[in-house]
Amino acid sequence: MVTTVFGFVLLTLLVVTAVAIVVTPNLFVAVMLISIFSLLMAATFFLLDAADVALTEAAIGAGMSTILFLGALALIGEHEARRRRKPWLPLAVIGLTAFTLIYATFEKPRLGDPSAPVHQHVAPWYLEQTPELMGMSNVVTAVLAGFRAYDTLGEVLVILTAGLGVLLLFAQRPARQAGRVPAFIGLRHHLIPRVVGQLLIPFIVLFGLYLQFHGEYSPGGGFQAGAIIAVGIVLHALLEGEPAGRAILPTRVLVGLMAGGALLFCGVGIAGMLLGGSFLDYAPLAADPVGAQQLGIHLVEVGVGITVTGTLVAAFHAFADRERLR
Amino acid sequence: MRVFGLYNYWVFAVLLMIGLYAIIARGNLVKKLLGLSIFQSAVFLLYISMAKVEGGTAPILRYAGEPELSSNPLPHVLILTAIVVGISTIALGLAIVVRIREEFGTIEEDEIQSKVRDQ
């Protein structure tokens with residue numbers, strides 16, 4: 001009962017925060033609010049028994065995405081122009097659509113109904129077969145990197161493509177101007193945040209590695225681990241300044257990581273083919289069938305983690321390194 | 001109590017429309033991306049709400065003892081990857097916005113359009 005009430009409050013707060021994000025004329029405020037929105041969303045996911053998803057949302061939404069938005073705002077300014085016209089047409093459209101969607105929900109099964117169609121298809125099979133076929137307790141990891149590894153490969157390639165797109169868009173440098181703002185120097189002159197931040201970084205990275213290699217038995221896996229390790233590296237760059245952050249992981253290395261992770265994923269698939277199976281079939285990788293699945297899943301998850309870390313850190317550096325105009 | 005079981009879906013519908021409103025009615029490109037972010041989160045909420053099973057727990061199995069009822073792992077997998085893909089696309093969108101700002105000196109839709117017309 002307490003959980004239900006708590007869930008209600010969280011969902012209501014989500015709506016309030018979303019309205020505030022749209023209404024506020026200051027983009028800096030809007031970005032801070034979207035960080036809070038993500039944190040509320042992560043708590044909601046946790047209440048809905050999605051531990052892995054909550055972890056990802058907290059690391060990505062509340063952490064990394066806020067940093068990227070702030071990096072972009074530093075380059076474009078934080079004020080939104082007021083519009084003169086009243087947006088009656090968009091309001092009518094969204095009002096009507098919201099009404100239709102809510103009307104349609106009355107046909108939907110109630111929250112948590114075990115006889116809902118979504119629970120009748122392949123999900124029970126995954127839950128039943130995972131211990132036997134994969135020998136691991138986290139079904140989400142088993143489905144992600146095992147049963148549906150094709151999907152995950154596609155997602156990794158999308159992430160890689162988006163990361164490369166960011167780097168290519170920023171490949172062209174703006175013309176140097178006389179009054180340009182000096183490169184971002186970080187919090188080097190602020191003793192307390194710097195010391196506390198430096199103390200936190202090893203633990204953040206350690207936690208990321210734990211999620212990476214313990215993802216088969218507890219919530220975690222390549223996506224969460226990659227995001228959290230990236231946050232650790234970005235925190236270092238925020239504290240020590242952009243040049244120092246770039247020195248430990250130059251763009252060359254980051255692009256290598258982005259592509260290397262995806263290559264490792266594909267390589268595991270091709271290794272299965274060379275050893276007599278089909279693409280992304282882990283069975284030929286080892287003699288013991290369960291051991292082979294676990295080996296394949298481990299390697300694929302490492303590939304995912306490397307690509308996610310590389311892409312997120314590269315995207316951060318792309319924004320932080322850009323010279324501000326006027 | 002039956003009607004309360006739909007609250008998650010109502011919040012989904014409202015959040016989806018708030019996101020859509022920001023995308024179609026706001027002229028500021030960063031605001032549009034924030035709206036896209038809200039829109040995405042609304043879809044995530046829909047999937048995760050559907051995965052919930054009454055009295056269930058996270059889909060992490062126990063080896064000893066009675067097997068527990070657990071929520072549906074499949075939507076979790078889909079959304080977990082979608083969150084990371086979401087931030088990659090947002091990063092790409094922000095990069096495009098920064099380039100637009102550098103070329104046109106503004107990120108307001110109507111000002112960009114009038115500048116394009118003048119050229």
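Tutor: A residue is called buried when its relative accessible area is under 20%, exposed when it is over 50%, and partly exposed in between (1.4 Å probe, protein chains only). By that rule Thr17(A) is buried, since its relative accessibility is 8%. The model is predicted: local features need pLDDT of at least 70, side-chain atom pairs count only at pLDDT 80 or more, and totals for chains, interfaces and linings use all residues. Residues are numbered from 1 along each chain as its sequence is written, chains are lettered from A and ligands numbered from 1 in the order in which they are written, and side-chain values use heavy atoms, with hydrogens and water left out.

Student: What is the mean pLDDT of chain B?

Tutor: The score pLDDT is the predictor's confidence in each residue, from 0 to 100. Where it is low, the predicted coordinates should not be read in detail. Chain B has a mean pLDDT of 89, and 94% of its residues reach 70 or more. For the model, ipTM is 0.94 and pTM is 0.92.

Student: How many helices and how many strands are there in chain A?

Tutor: Helices (H or I, at least four residues) and strands (E, at least two) are DSSP runs, numbered from the N terminus. Chain A contains twelve helices and zero strands. Its C-alpha trace spans about 65 × 55 × 35 Å along the principal axes. Of its 326 residues, 48% count as buried.

Student: Where does Thr17(A) lie?

Tutor: Thr17(A) belongs to helix α1 of chain A, which covers residues 2-23. Pro109(A) is in the loop between α4 (88-105) and α5 (123-134) of chain A. With a relative accessible area of 26%, Pro109(A) is partly exposed.

Student: What does helix α12 of chain A reach from its first C-alpha to its last?

Tutor: The expected span of a helix is 1.5 Å times one less than its number of residues. Helix α12 of chain A (residues 289-320) has 32 residues and reaches 47 Å, close to the expected 46 Å. Because 24 of those 32 residues are buried, α12(A) is largely enclosed by the rest of the structure. Helix α9 of chain A (residues 222-240) has 19 residues; it reaches 27 Å, close to the 27 Å expected. Of the 19 residues of α9(A), 16 are buried, and the helix is mostly covered.

Student: How many aromatic pairs does the structure hold?

Tutor: Rings of Phe, Tyr and Trp (its six-membered ring) pair if their centres lie within 6.5 Å; planes under 30 degrees apart count as stacked, over 60 as edge-to-face and the rest as tilted. Over all chains the structure holds eight aromatic pairs. One of them joins Phe170(A) and Phe319(A): it is edge-to-face, with 5.3 Å centre to centre and 85° between the planes. Phe170(A) lies in the loop between α7 (149-169) and α8 (191-213) of chain A and Phe319(A) in helix α12 of chain A, so the pair ties together parts that are 149 residues apart in sequence. Phe170(A) is buried at 6% relative accessibility, and Phe319(A) is buried at 2%. Elsewhere, ring pairs link Trp125(A), Tyr126(A) and Phe147(A) into a cluster.

Student: Which charged end sits over the ring of Tyr9(B)?

Tutor: A charge sits over a ring if NZ of Lys or CZ of Arg is within 6 Å of the ring centre and within 35 degrees of the ring normal. Over the ring of Tyr9(B) sits the charged end of Lys108(A), 4.6 Å from the ring centre.
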